[in-house]
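Thanks for making the time this morning.

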Amino acid sequence: PAVIARPKVEAPAALPWYLTAMLAGSTSIVVGLLWDISWHMTIGRDTFWTPAHMAIYLGGVVAGLSCGALALKTTFAGTPAEKSAAVGFWGFRAPLGAWVAIWGTFAMLTSAPFDDWWHNAYGLDVKILSPPHSLLGAGMITIQIGTMLMALALQNRAPAGEGRALGLAHLYASGIVLLMAATLITEYNY
């Protein structure tokens, strides 16, 4: 009997470690966000150090540290192609998406002590969008925008036919940003 040769199907290229870390951090943020809302609805305001809050801030730190490591790698050990595709800031070089996500991480971390002070001074929030929560939301969404920019930039530079995993990463980050935005405006969309 004749053997029919099947075309070899190659596995999609793996995502770069820093983009994978950003997506994992994004997942931690959104899981923590939804967990925090259910925590406040069932238990109430407990302490700043709840597992839900830690999941939110851990996600921001993971995204920020991975982008910071990418900036150090690109600046000090990057190839000429990596450096030419990067944006300079204070003498360091990194992709634009990394700088956007780093800003989002700083916004999130700035909101943490502000939120704790706000709750100690004014009690539970009557609305989701208190000033510290607005800053936290801006940081979370900015990390997602940075992740989306990073995935798109890598996809645009990928060889033909090898950008599928990057497109899926962009789609995943887009879904998370929509979920975050919908959560932040929950009380206004009824």
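Let me begin with a question: which residues does T74 touch, not counting residues up to four places away in sequence? Before I answer, please keep in mind that this is a predicted model, in which local features need pLDDT of at least 70 and side-chain atom pairs count only at pLDDT 80 or more, while totals for chains, interfaces and linings use all residues. Residues are numbered from 1 along each chain as its sequence is written, and side-chain values use heavy atoms, with hydrogens and water left out.

The answer is that T74 touches E82, K83, A86, R93, A94 and P95, where contact means heavy atoms within 4.5 Å. T74 lies in helix α2, and at 3% relative accessibility T74 counts as buried; here buried means under 20% relative accessible area, exposed over 50%, and partly exposed in between, with a 1.4 Å probe and protein chains only.

Now the chain as a whole. The protein chain has 6 helices and 2 strands, which from the N terminus on run α-α-α-β-β-α-α-α; helices (H or I, at least four residues) and strands (E, at least two) are DSSP runs, numbered from the N terminus. Of the 190 residues of the protein chain, 41% count as buried, and among contacts between residues at least 6 apart in sequence, 68% join residues at least 24 apart.

Let me turn to the strands. G88 is found in strand β1, residues 87–89, and counts as partly exposed at 46% relative accessibility. G88 and W99 are 11 residues apart in sequence, and their C-alpha atoms are 9.4 Å apart in space. W90, in the loop between β1 and β2 (92–94), has a positive phi of about 50 degrees although W90 is not a glycine, and W90 is exposed, with a relative accessible area of 76%.

Next, the helix pairs. Two packed helices are described by the angle between their axes and the distance between the axes. Axes are lines fitted to C-alpha atoms, for helices over the stretch in contact, and angles run from 0 to 180 degrees between N-to-C directions.

The axes of α5 (residues 131–157) and α6 (residues 164–184) come within 9 Å and cross at roughly 165 degrees. That makes α5 roughly antiparallel to α6, given that angles under 35 degrees count as roughly parallel, over 145 as roughly antiparallel, 65 to 115 as roughly perpendicular and the rest as oblique. The crossing is left-handed, a term used if the near helix is turned anticlockwise from the far one by less than a right angle, with clockwise being right-handed. Among the residues making this contact are G137, M140 and L154 of α5 and L166, A173 and L184 of α6. The contact residues divide into 14 nonpolar, 7 polar and no charged, where Ala, Val, Leu, Ile, Met, Phe, Trp, Tyr, Cys and Pro count as nonpolar, Asp, Glu, Lys and Arg as charged, and the others, Gly among them, as polar.

How do α1 and α6 pack? Their angle is about 25 degrees, with the axes 11 Å apart, and α1 and α6 are therefore roughly parallel to each other. On the α1 side the residues include L19, V30 and I37, which with others meet residues of α6 including Y172, I176 and T183; the contact divides into 14 nonpolar, 3 polar and no charged. T183 is itself buried, with a relative accessible area of 7%, and, leaving aside its neighbours within four places in sequence, T183 is in contact with L33, L34, I37 and I128.

The pair α2 and α4 packs at an angle of about 145 degrees with axes 8 Å apart, again in a left-handed crossing.

Finally, the cores, each being a set of buried Ala, Val, Leu, Ile, Met, Phe, Trp, Tyr and Cys residues joined through side-chain atoms within 4.5 Å. Of the 20 residues in the largest nonpolar core, Y18, L19, C67, A98, M150 and L154 touch the most other members, and α1 (17–42), α2 (51–77), α4 (96–122), α5 and α6 each supply at least two residues of this core. Y18, leaving aside its neighbours within four places in sequence, is in contact with S66, L70, M150 and L154. A second, separate core of 14 residues includes V30, L33, L136 and M140.
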